[in-house]
Structure formats: structure tokens, C-alpha cells
Amino acid sequence: MDRNCIKKVKEYIEEHFTENILLDDIAKIAGYSKFHLNRLFLENTGLTIYQYIKERRLLEAANQLISTEKSIIEIAFCVGYTSQQAFTFAFKQKFLCTPQTFRKNFYICEMKKTFQINRNNRNAFFMLKNGGMTA
């Protein structure tokens, strides 16, 4: 798969990750079937398109938890979740704590504007206030 196509898909996700993104829409933009595109995206990033979107949403939520005073439900809706329960469940799976605990105990030590998300390389690092670190 052409790297420009993967780049185009990532750019589209970056512009629309707070919305309800459909794989069919991304596939039309990329010019591939949704099955082929998802397989190629996985090969190039280590994540399916939906996993990538979920990671991007959760990284943005973590950033907002730390850098804003927005309520957790407001952040959940801002990053594309339709319920606080679904958001809290996904957040806890990724960060091993609830959004409220994260807000109280973590801060960002490095975050780049452009995210390059995959299983082995994350550009956002979150540190415990007592010195521990997680990604």
C-alpha cells in the first residue's frame, strides 16, 4: 500500500476523530475496500483503523483531563464517546485507572501535536506525580 494513502487516512482520522467515523467513509476516501484498507492499515501501523481511532481519542481525552477543567462527561463527548460509561471503560483499559484518578495523579511530560500511534511507539508519556511513568 502506498504510504501516501496511509498518511491520507491518518490525516482524515486526525480531522474527524471526535465524530462518528465509519470505515466505509474512510475506504471511499482511500479508494480501497474497507476490508483491504483495514488489513493494509494494520500491516503498516500495527493497529486496525478502529483501534487507531480509539487510541487517538483516549490520548486526546488524557490531554484534556490534565490541561482543562472540563467535566469527565464533557471530555467523553468531546472526543467522540456517546456515554461516560463507555468512555470510562475504554480509558481504564488503556491507562489502568479511571479518568478521575488519572486527572488527580498524572501529568504530561511530553506530548507532540502530531500523533503517530502504534503498539510500539507512542508520543505521549504520562507520569505519576510520585515519579512513575506510563504510556
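Me: Which residues of α4 and α6 meet?
Reply: In this predicted model, the α4 side has Lys 54, Glu 55, Leu 58, Leu 59, Ala 61, Ala 62 and Leu 65, and the α6 side has Phe 87, Ala 90, Phe 91, Gln 93, Lys 94 and Phe 95.

Me: What is that contact by class?
Reply: Between α4 and α6 there are nine nonpolar, one polar and three charged residues.

Me: And at what angle do α4 and α6 pack?
Reply: About 90°, with the axes of α4 and helix α6 (residues 84–95) 10 Å apart. That makes α4 roughly perpendicular to α6.

Me: Now α2 and α3, at what angle do they cross?
Reply: Roughly 85°, and the axes of α2 (residues 23–30) and α3 (residues 34–45) come within 9 Å. Angles of 65 to 115 degrees count as roughly perpendicular, so α2 and α3 are roughly perpendicular to each other.

Me: Which residues make that contact?
Reply: From α2, Leu 23, Asp 24, Ile 26, Ala 27 and Ala 30; from α3, Lys 34, Leu 37 and Asn 38. By class, the contact of α2 with α3 has five nonpolar, one polar and two charged residues.

Me: Switching to α1. Which residues are buried there?
Reply: Cys 5, Ile 6, Val 9, Tyr 12, Ile 13 and His 16 are buried in α1. Seen down the axis of α1, the buried residues fall within an arc of 125°, so they line one face of the helix.

Me: What covers them?
Reply: The cover over the buried residues of α1 includes α2, α3 and α4 (49–67).

Me: Which exposed residues are on the face turned away?
Reply: Arg 3, Asn 4 and Glu 15 are the exposed residues carried on the face of α1 turned away from its buried side.

Technical notes
Residues numbered from 1 in each chain as written. Predicted model: local features only at pLDDT ≥ 70, side-chain atom pairs only at ≥ 80, totals over all residues. Heavy atoms only, no water. Axes fitted to C-alpha atoms, helices over the stretch in contact; angles between N-to-C directions. Helix = DSSP H or I, 4+ residues; strand = E, 2+ residues; numbered from the N terminus. Parallel < 35°, antiparallel > 145°, perpendicular 65-115°, else oblique. Contact = heavy atoms within 4.5 Å. Nonpolar A, V, L, I, M, F, W, Y, C, P; charged D, E, K, R; others polar. Buried < 20%, exposed > 50% of the residue type's maximum accessible area, 1.4 Å probe, protein only. Arc of directions from axis to C-beta.
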